[in-house]
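Please keep the sequence and the structure in view while reading.

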Amino acid sequence: RPELISLQGVITAPQKHALVDITLKLSRASDGAEVILPSQRILLYGQDKNTPVSLDQADIVASNDPWDAAYTKETIGALLVDGDIATWGDLKGNGSYTIDLGEGASAILDQIRFYPRNTKADHIDRLNGTYVMGSADGVDWVTITHPVEGATDALYIIPAEEFETYGQFRYFRIVGGTGGNIAEVEFYGSFTQEPVEAKVTEVSL
């Protein structure tokens, strides 16, 4: 990406977040011996750093049935993004939530925030162990964050500097923890919506 990083190491800040793979080659002046270091992916912050990524229109599906029969796997996830810490997901077993931003949509995250179910102390502890995965196609997944540790009755914030990997993903999966007990989840970063080709269905009259 020479438009972002020159050979002299000068960085031009992008409009939106950008992912750059960098490979370093070290040369010894005395004999010309070279060593090529493994490629590293870095995140260059754009001007939209810490911008909320709306999940209002995303499909959020739980892997397990909820305890509350008023909800289904397809509807319980809405409680994680309703802006109300007095509601939470509560699943039978230690399930997960899969978030689909939609066709043509993707995001490069720079921060993830969780708020635990806080009705009592052991409910807060259920957030511990939670982590986030990402996927471009919903098939191949990579781990983005480390598991939550030391959850308290407060926002748990994971900045990009603590991510295990960076990527641009359509799908995200919230895994781990106990019983899917999460009151709120918030994503921040660069959101992209590519044009979606209209699908025409023939109708016979």
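**Note on the model**

1. Ile 60 stands opposite Ile 99 in strand 7. Strand 6 and strand 7 (residues 97-100) run antiparallel and are joined by four bridges. Strands here are DSSP runs of E of at least two residues, helices are runs of H or I of at least four residues, and both are numbered from the N terminus. Two strands count as paired if DSSP finds at least two bridges between them.

2. The model is predicted: local features need pLDDT of at least 70, side-chain atom pairs count only at pLDDT 80 or more, and totals for chains, interfaces and linings use all residues. Residues are numbered from 1 along each chain as its sequence is written, and side-chain values use heavy atoms, with hydrogens and water left out.

3. Which order do the strands of the open sheet follow? The order is 6-7-12-9-10, five strands with antiparallel pairing. Strand 6 (59-62) and strand 10 (142-143) stand at the edges with a single partner strand each, so one side of each has no neighbour in the sheet.

4. Strand 7 is also joined to strand 12, by four bridges, and these two strands run antiparallel. Here Asp 100 stands opposite Tyr 171 in strand 12. Both faces of strand 7 are covered: Tyr 97 and Ile 99 on one side, and Thr 98 and Asp 100 on the other, are all buried. Buried means under 20% relative accessible area, exposed means over 50%, and partly exposed lies in between (1.4 Å probe, protein chains only).

5. For the protein as a whole, the secondary structure comes to one helix and 13 strands. Of its 205 residues, 39% are buried. Among contacts between residues at least 6 apart in sequence, 70% join residues at least 24 apart; contact means heavy atoms within 4.5 Å.

6. Is Phe 169 buried or exposed? Phe 169 counts as buried because its relative accessibility is 9%. Phe 169 lies in the loop between strand 11 (156-159) and strand 12 (171-175). Beyond its neighbours within four places in sequence, Phe 169 is in contact with residues including Leu 101, Ala 107, Gly 134 and Val 142. The C-alpha atoms of Phe 169 and Asp 137 are separated by 8.0 Å, although these residues are 32 apart along the chain.

7. A search of the whole structure finds one cavity of 30 Å³ or more. The largest cavity has a volume of about 40 Å³. Its lining includes Ile 108, Leu 109, Phe 163 and Phe 169. A cavity is a set of points, on a 1 Å grid over the protein atoms alone, where a 1.4 Å probe fits but cannot get out; lining residues have an atom within 4 Å of a point. Grid points are joined across faces, edges and corners, and the volume is the space filled by probe spheres set on the points.

8. Gln 111 is found in strand 8 (residues 105-116). Because its relative accessibility is 10%, Gln 111 counts as buried. Leaving aside its neighbours within four places in sequence, Gln 111 is in contact with several residues, among them Asn 50, Ile 157, Phe 163 and Tyr 188.

Notes
On a 1 Å grid over the protein atoms alone, a cavity is a set of points where a 1.4 Å probe fits but cannot get out, and a pocket is an open set with protein on both sides within 12 Å along at least five of seven lines; lining residues have an atom within 4 Å of a point.
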